[in-house]
Amino acid sequence: MAIAQKWLTHLTNTKHNNIFVPPASRKQQQQPMCFIQHRRLVRHGCYLSMNGCIEGQNQERNHVGTIETKTLEPVASLAMAMYSLNMKILQLKTDPPFYTSSGIVRLQVPIDEKVEAIDWLHSQNHLLLPRCFFSGREQDEDNLVSVAGVGSAVFFCHSHPFSYWDWRSIRRYLSERCPLIRAYGAIRFNAKAKVSSEWQAFGSFYFMIPQVEFNELEGGSMLTTTIAWDNALSRTWENAINALEATFCKVSSSIVKSPKQAPPTLILSSHNIPSKVDWHLSVNRALQMIKQNDSSLAKVVLARSTRVVPTADIDPLKWLACLKDEGANAYQFFLQPPNAPAFIGNTPEQLFHRKSLHITSEALAGTRARGVSPALDCQIELDLLTSPKEDLEFTIVRETIRRKLEAVCEKVVIKPKKMIRKLPRVQHLFAQLAGRLGREEDEFEILSSLHPSPAVCGYPTEEAQLLIAETEVFDRGMYAGPVGWFGGGESEFAVGIRSALVEKDLGALVYAGTGIVEGSNPYLEWDELELKTSQFTKLVKLDLPLIQKVDCK
């Protein structure tokens, strides 16, 4: 196809193009700052919470003076773990053992009793903010299945785009010696786009190291508290321990299991942006640009925002618990800063996973529904594998990621090069890429280079971003942005798709997007949007039979 040849020629003739520049010449693109983000201390409840972002490129960002993890004696139940930690906090208040001007200390108590992290979070007061949840697709070497947290020992948030210096600010509190001290959060899809009111509290990025954290383990659990202080940021040890005590006294030891099915709820209203008519116009306009000989655009990902308002308030944690039942081969996440809606999702797409210097990433593109029978499922799978349009879209994603990894890694291996990944409702074309970094400092370069990937933006990136900005009339916010965590020797980020923003009294904004390449059909792409949002919409109405793309041809 002509467009395929145009794309391959452009890829061959274009040098590695990412947004990383050497530290000596980096310049942040400053935007007007929200006052609450600019301050080093922000009031969360009765106590001030510390914003760990250090402003100014010339400021020192060395590790804090103390980084420790203290493991207390294992106990049988959550209530006993609460008692053990409470006694330890009182001891630290009366006899502080740390005399450095900055530091972070994690206190953890292993629990024999197995409790799901999402049930622990569901049992806490919903006003105990910020709060977060993250569940990977596989347990890690620490037998960690999922993590829930409330309160922030330190958070990182600003209105300017996430920069190398912000990454360095976070890494001050992380160490390979304490692998479970992690900063959980998300980054906007496009930090330069105008921020709408519903996303305001998230800033351009929002990360938190929880004050109180619950770890769901394979065969057990762990309750932890974290204390962070830095005199240079006006957060003394005394301030930090008092703030932890204030949060910990509000934590409940009673577990209320989160229902795995949402109660039947009727929809008062459902509103799509863009409408179906406007969607067709946007897709046809994108196809015209792709076909132009003087345009290098080969793919663009256009998205839709659907405002769903049901008869009763949506509990975002109940929604997430229901999504976990469909969570095979997917990440689940939940992030809610103070005075903000909850951003939740059930995404199958990994942006990258770093373990020491080893790094993996994934190419995921092309979508079909699952078949109602094994025979139909195989027929749909074959259709996906042999579709020229889907192959072009997938190849653009895979080869762009490969090229970006090769610019930083010593060697990149793609295995498998193309296969089917099946999820409960949909199936995709999939490939895994792996490489080895030259140094851990390259982590920021990988993050800034891989995001936004052609799977959620398009190719070439700048042309696709420009068309998205001209076409979409809603704020994507953190949708399609990186969501995950930074750790000392390990970090993992997913792509924040299959996601929703849930706000009290206003229902939910459900997001979905599709890749537009030569051969795309506006009608079928709309059906794909419906398919992707169905995991949310089924929670507030009867789950109608899905339209199979294979049946529409």
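The crossing of helices H7 and H12 is right-handed, a term used when the near helix is turned clockwise from the far one by less than a right angle, with anticlockwise counting as left-handed. The structure is a predicted model, in which local features need pLDDT of at least 70, side-chain atom pairs count only at pLDDT 80 or more, and totals for chains, interfaces and linings use all residues. Residues are numbered from 1 along each chain as its sequence is written, and side-chain values use heavy atoms, without hydrogens or water.

H7 spans residues 276-291 and H12 residues 461-471. Helices (H or I, at least four residues) and strands (E, at least two) are DSSP runs, numbered from the N terminus. The axes of H7 and H12 come within 12 Å and cross at roughly 150 degrees. Axes are lines fitted to C-alpha atoms, for helices over the stretch in contact, and angles run from 0 to 180 degrees between N-to-C directions. H7 is therefore roughly antiparallel to H12; angles over 145 degrees count as such, those under 35 as roughly parallel, 65 to 115 as roughly perpendicular and the rest as oblique. Ser282, Arg285, Ala286 and Met289 in H7 meet Leu467, Glu470 and Thr471 in H12 (contact: heavy atoms within 4.5 Å).

Ile401, Lys404 and Leu405 in H10 meet Ile446, Ser449 and Leu450 in H11.

S9 runs antiparallel to S4 (residues 102-111), with 10 bridges between them. Pairing requires at least two DSSP bridges. Val109 stands opposite Leu223. S8 (residues 205-217) also pairs with S9 in the antiparallel sense, over six bridges. Here Asn215 stands opposite Met222. S8 and S9 form a hairpin with two residues between them. In the turn, Gly219 has a positive phi of about 95 degrees.

The mean pLDDT of the protein is 86, and 87% of its residues reach 70 or more (pLDDT is the predictor's confidence in each residue, from 0 to 100). Over residues 1-39 the pLDDT is below 50. Where pLDDT is low, the predicted coordinates should not be read in detail.
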